[in-house]
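Here is a short briefing on one protein chain. Please keep the sequence and the 3D view open while reading.

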Amino acid sequence: MTKKNTFKRLTVVCLLTVVCSFFNLFTVANATEVEEPAAEAVEEAAPVTAPTVSGSAVAIVEIEDYTIEGGILEAGKEITINLTLHNTSRSAAATSVMMTLTSNSGMIYPVYGNSNQIYVGSIGAGASEVVSVPVSISEQFTGDMADLTCQFDYESSGNRMNNMATIVIPTSGGNTIGVKSIDVTTHAIVNGKSLLSFNYVNLSNKNITDAVLTIEGNVSSKSKKIKIDTIYAGKSYSHDYYVTFTKAGNQEINVKLSYTDVDGETVETDLGNYSVTVTKESEGALTAVPSKILTWVGRVVAALAGLAVVFVVVVYVKKR
C-alpha cells in the first residue's frame, strides 16, 4: 500500500514537470524580441526653424525715404539725391553693403568721374543710413518724372543677399509745391534790384499759406526772406521777385523753399545755387556824372546864346 502511494506521487510530479516544461517552451517560442531603443530615437528631435525674411534671421535693405538737393529735375542739371536706407531686420545686420544705380529710362546717370556703384558698408539691425548720390539729368530729359533703380548686394547671417528697389522722382522733387522753374539774373548792381523769376504749382488739394523763399548769400535783409502769397490748391503761378545784393564780385546765392504740407509737416526744398556777377554802384554812378555835366554845360551855353541875342537886338534898336 505504501509503495502504491509513493508511485502515485511520483507520477503526479512527473506530469507536472512535463506540463511546466511544455508551457515554458511554448511561451518562449511565441515571444517577440524587443530591441533596445536607439539613442537618437529616445532623444527628442530638436525643432528646425526656417529663416524668416522680415523678422530676425536675415536682413533686408530697403529705401525708406529720399530727398533732393540742388533744385528740381531739369535737363542737363546736376543734383544730389539723399537716399535713406533701412534694415528691416530687428536682430541681423547687413554688412558689406554695395549699392548699384541704374535708370531704365536713361534719364539719370552718375556725375562725370563717379561710378554707378557706391559702397555703403554696414547697416545695423533696425538701423537706417543716409547715402548722398550726386547724379546728372540727361540733356534729353523732357518728362514729368525719372526713374532710379538701386540694387543692394550684402551679407547677412553668413549668407550672400541681394534685393532691388526702384523709385520714381517727379520733376518737382516729390513735394506738395511743384517747382517748374526758377531763374536768377546773372548780372546785378550793388544795392540795385536783381530779378528772380519763380514758376510753381500746388499739386495738392489744400491751400498753402506759409510758403517762403529763403535766399542765403550777400543780400539785403529784406531779400533773405521772400513771403509768397497764398498758393491755392491745383493752381499754377509765375511770379517775379527782387533780390538786392550788398557786395560786389562773383556772388553765390542758395535758394530754398519752405512751407507746411498737407500732412502738417514742414517741408524745405533746396532749389539750387546760382552765381551772379555784381558790379559796384560807383561804376554806374560814374556813367551818370558826364551826363549831368553835359546837361549843365548845355544850359550855360544856351543862356549865353540867349544873352548874346538880347545884346544884338538892343544894339540894333539903339542904332535905329
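β1 and β2 pair in the antiparallel sense over eight bridges. Two strands count as paired if DSSP finds at least two bridges between them. Strands are DSSP runs of E with at least two residues, helices are runs of H or I with at least four, and numbering starts at the N terminus. This is a predicted model, in which local features need pLDDT of at least 70 and side-chain atom pairs count only at pLDDT 80 or more, while totals for chains, interfaces and linings use all residues. Residues are numbered from 1 along each chain as its sequence is written, and side-chain values use heavy atoms, with hydrogens and water left out.

- β4 and β6 form an antiparallel pair over three bridges.
- In that pairing, I108 has I137 of β6 as its bridge partner, and P110 has V135 of β6.
- What is the strand order of this open sheet? The order is β1-β2-β6-β4, with antiparallel pairing.
- β1 and β4 (108–110) stand at the edges with a single partner strand each, so one side of each has no neighbour in the sheet.
- On average, neighbouring strands of this sheet are turned by 45° against each other, direction ignored.
- Eight of the ten residues of β2 are buried, so β2 is largely enclosed by the rest of the structure. Buried means under 20% relative accessible area, exposed means over 50%, and partly exposed lies in between (1.4 Å probe, protein chains only).

**Nonpolar cores**

- A nonpolar core is a set of buried Ala, Val, Leu, Ile, Met, Phe, Trp, Tyr and Cys residues joined through side-chain atoms within 4.5 Å.
- The largest such core has 33 residues, and L83, L85, M99 and F152 have the most contacts inside it.
- At least two residues of this core come from each of β1 (61–69), β2 (78–87), β3 (94–102), β5 (117–123), β6 (128–137), β7 (145–156) and β8 (159–170).
- Which strand gives the largest share of this core? β7 does, with five residues.
- L85 touches residues including I63, M99, V120, V131 and F152, not counting residues up to four places away in sequence. Contact means heavy atoms within 4.5 Å.
- A second, separate core has 30 residues, among them I177, F198, A211 and Y237.
- In soluble globular proteins, nonpolar side chains tend to be buried together.

- K77 is found in the loop between β1 and β2. Is K77 buried or exposed? K77 counts as buried, because its relative accessibility is 18%.
- K77 and F141 lie 64 residues apart in sequence and 9.9 Å apart in space, C-alpha to C-alpha.
- S96 is not a glycine, yet has a positive phi of about 50°. S96 is found in strand β3 and is partly exposed, at 32% relative accessibility.
- S157 is not a glycine either, and has a positive phi of about 55°. S157 is found in the loop between β7 and β8 and is partly exposed, with a relative accessible area of 49%.

**Chain totals**

- The protein chain has four helices and 16 strands.
- Of its 320 residues, 33% count as buried.
- Among contacts with a separation of 6 or more, 67% join residues 24 or more positions apart.
- The chain exposes about 20400 Å², and carbon and sulfur atoms supply 57% of it. Accessible areas come from the Shrake-Rupley method with a 1.4 Å probe, and for residues only the protein chains shown count as cover.

**Confidence**

- The mean pLDDT of the chain is 78, and 73% of its residues reach 70 or more. pLDDT is the predictor's confidence in each residue, from 0 to 100.
- Confidence is lowest in helix α2 (residues 39–42), at a mean of 40, and highest in β3, at 95.
- Over residues 22–54 the pLDDT stays under 50, and the model has seven contacts beyond four places in sequence for them.
- Residues 283–289 also have pLDDT below 50, with zero contacts in the model beyond near neighbours in sequence.
- Where pLDDT is low, the predicted coordinates should not be read in detail.

Key
Axes fitted to C-alpha atoms, helices over the stretch in contact; angles between N-to-C directions.
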